[in-house]
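Reader: Please take a close look at one part of this model, the contact between the two chains. I would like one connected account of how the copies are placed and what each side brings.

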2 protein chains.
Amino acid sequence: MSSEKIPYKIYLNEDEMPKAWYNLRADMKQKPAPLLNPETYQPVKAEELEAVFCKDLIAQELDQDTAFFEIPEEIRSFYIMYRPSPLVRAYCLEEKLGTPAKIYYKFEGNNTSGSHKLNSAIAQAYYAKKQGLKGVTTETGAGQWGTALSMACSYLGLDCKVYMVKCSYEQKPFRREVMRTYGASVTPSPSTETEVGRKILEKHPGTSGSLGCAISEAVEKAVSSEGYRYVLGSVLNQVLLHQSVIGLETKAAMDKYDIKPDIIIGCAGGGSNLGGLISPFMGEKLRGEADYRFIAVEPASCPSFTRGVYAYDYCDTGMVCPLSKMYTLGSDFIPSASHSGGLRYHGMSSTLSELYHQGLLEAVSVKQTDVFQAAEYFARVEGILPAPESSHAIRVAIDEAVRCKETGEEKTILFGLTGTGYFDMVAYEKFHENKMDDYVPTDEELAVYRNNLPQIK
Amino acid sequence: MSSEKIPYKIYLNEDEMPKAWYNLRADMKQKPAPLLNPETYQPVKAEELEAVFCKDLIAQELDQDTAFFEIPEEIRSFYIMYRPSPLVRAYCLEEKLGTPAKIYYKFEGNNTSGSHKLNSAIAQAYYAKKQGLKGVTTETGAGQWGTALSMACSYLGLDCKVYMVKCSYEQKPFRREVMRTYGASVTPSPSTETEVGRKILEKHPGTSGSLGCAISEAVEKAVSSEGYRYVLGSVLNQVLLHQSVIGLETKAAMDKYDIKPDIIIGCAGGGSNLGGLISPFMGEKLRGEADYRFIAVEPASCPSFTRGVYAYDYCDTGMVCPLSKMYTLGSDFIPSASHSGGLRYHGMSSTLSELYHQGLLEAVSVKQTDVFQAAEYFARVEGILPAPESSHAIRVAIDEAVRCKETGEEKTILFGLTGTGYFDMVAYEKFHENKMDDYVPTDEELAVYRNNLPQIK
């Protein structure tokens, strides 16, 4: 089909949609380091995780060898409500930039959660339901993950309890309201509902919360409630597994038209979208079948890849979750209050961390005013108002396309457009009114957090 | 292709998209009554409208005979950025309702303006640009139209000046911010920028504005500014013409799978979405080729079809626009402050009014708490959080499907899902907190406004 004009939007037919998720770790020679028990520092066993996580999800989390996991029928029925998502050829952007590059983006924002998070939310809710649980608990920062989980739980008839980072809870009342529409209960974190929340409030009475703290509260609530488990929207291997649906659809759509990307770009907070998008392409690279450049884009104000260290660290402030070996800024790190949008987690997926460590993946950090410039430019040219997170990838895709213009190279650039910014207009407003700064943590600041890393022999 | 399983979402290929708009009036034996000059009460001539409207749009407005207008290449290039929109088979809704009915909806919300309004916005902006104008002015109530026009103007490099009904401006700062992202200037109406605005403010100092007043301001601004014209997002024949793209795509998608709807349902404020959706189907009915039931759904708090009169009336509060023969509540009518969402215009498209008058179209009115119940139900079952306006159609589609369950009839129901409710969470919040009432105007109240209709012999 390579001689056909490539349409603006490539949609797979429903029968072309992936029937199995792809587990990238199966093709890694050097596997990601195992999770450690936070008390014994020994590799965590499945049964030790069962108080916190659902059984089937633990199996997916710990399985480094099985390449494909069948997507259960019920999850595929849900996917079909909002998937396949379009692979868009950015003809307008190319023309406006005057670049010889060919730009594609996989757009995950055409669903009510507004992002790719729904891909893993329905999977995690499904396994919780399968296990006969009453409900799940989770944290949410910017709100996409909480919204996605609310939708999934509502669909399956599960209870959903969300701890929302307090500053987001206050700045994003509409996100909260969407979650309520889907029947979730939403609590600003830190709260007085949990021991860890009360402790943090006592230590920092005026705190506006953090992801690490909200995670600790959600975990405590799950462990202390009959019939509940905790679920997480990023970072974990299981999440990357579910998000592989993004990459698999993208690759199938590209293969249909004989398109081969040279550069694949994704924003990176915990790594779920990037890991999902690159999965099948990185698999080919690991198996020596093809080569691609992969670029992770992170905020300069939360630079875990580019300025963090590769070490075991706590995943949450309360230190109740297993330890993960990852690029981290330290579990106490919280990005500056002037940082808008998500991508504010202190660490990074252990799988992506290992790939980065092996030099298979590049990383760059970008400043937020540059990100919002790209966002507004993109909105005007391509007609989609992007999420601040997604706009990190847009920024670098544009930069690469401009480089192609300078060199005359006709590269094919693929990036992940993870979501829409409809609930992020406060950040856009700050940008329009020049109230957005580009604070970047100093080396001295970062050193303070780094000194708190657990000392593992 | 009728034996195939019908997919969840039917997308036309890009080369199957309509290349011409369909002008329903061409097939009407009894045409809509002509617009009248507000001073002479004589049928308005094209040249009398040229101070206010763009030339090509006036030609479309007044042409009752040409059945098809080619869609210019540049507009089709824009359409392709967000169209074709999916025709969705509501399998989940059918299952949840346990109805033998087959339910389809045409979903127009997958674009940043969040609604179908973009279909006419780009057309109107295109003709303004073609005429060499600097910019356009308009009004917006709920904000969808203003957002759509901002996007279209940004794409074409036109200036865009929006008068936003003051209560919306205050309640929906994020809509305003989206418009700013697209470079539009947004003024709360009534404002002190125009004579008509100043007059209204003097008479009603605390007013929160109305659509009729915002229209008057936008018209005055256009007429008094060099190189500007006024554009309107609904009611007018030209808008129904552009919106026929919705119906044409729907019909093409249904024909592909040999689907024939029995009932076609749309919400109705000024009539743009309903008129667009039903166009090709109504055309068949008018030509005696097929029969369908058409249902317009309007808010009980603004019941122009069901409780208005069919008469010539002013389109705007300032009485500067031509008079239109339509179902109207009187140009001073403003829905109760407790009314949430759009569909608040006092009148109705003259084309739809004539069809309703001839008994070719039915109308029902629904109360807003019933509408929000349907909205929340739909959001949970179909995964899309609908706009309050669209939810009027959902309400009646569900009611009809439930009726099929009772009678055992396997009817095929089609409705227009015009947009998403992401910027309407204040209304959802009111609903969740039981702060929403169902105020319906009394006959005495309606009589007051009706007495102010112009006396035309």
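Author: A salt bridge here is a side-chain nitrogen of Lys or Arg within 4 Å of a carboxyl oxygen of Asp or Glu. In this predicted model, the side chains of B:Glu433 and A:Arg180 form such a pair, at 3.3 Å from N to O. Between chain B and chain A the count is 4 salt bridges, and there are 25 residue pairs in polar contact, both residues at pLDDT 80 or more.

On the side of chain B that touches chain A, the elements giving two or more residues are α3 (73-82), α6 (144-156), α8 (173-181), α15 (368-382) and α17 (425-432) of chain B. Of these, α8(B) gives the most, with 6 residues. By type, that side of chain B holds 21 nonpolar, 9 polar and 11 charged residues.

As for extent, the contact takes 41 residues from chain B and 41 residues from chain A. Together the two chains bury about 3800 Å², with 57% of it on carbon and sulfur atoms. In chain B, the residues that lose the most area to chain A are B:Phe174, B:Thr181 and B:Tyr422, together 18% of what that side buries.

Next comes the placement of the copies. Chain B is superposed on chain A by a rotation of 180° with 0.0 Å of shift along its axis, at an RMSD of 0.0 Å. The two copies are therefore related as by a two-fold rotation axis. The C-alpha of B:Asn110 is the one in chain B nearest the axis, 3.1 Å from it. Because 100% of the interface residues of chain B are also interface residues in chain A, the copies meet through the same surface.

Conventions. Residues numbered from 1 in each chain as written. Chains lettered and ligands numbered in written order. Predicted model: local features only at pLDDT ≥ 70, side-chain atom pairs only at ≥ 80, totals over all residues. Heavy atoms only, no water. Least-squares fit on C-alpha atoms with pLDDT ≥ 70 in both. Contact = heavy atoms within 4.5 Å. Buried area = accessible area lost by both parts, 1.4 Å probe. Polar contact = N/O pair within 3.5 Å; in protein donor to acceptor, adjacent residues only side chain to side chain. Helix = DSSP H or I, 4+ residues; strand = E, 2+ residues; numbered from the N terminus. Nonpolar A, V, L, I, M, F, W, Y, C, P; charged D, E, K, R; others polar.
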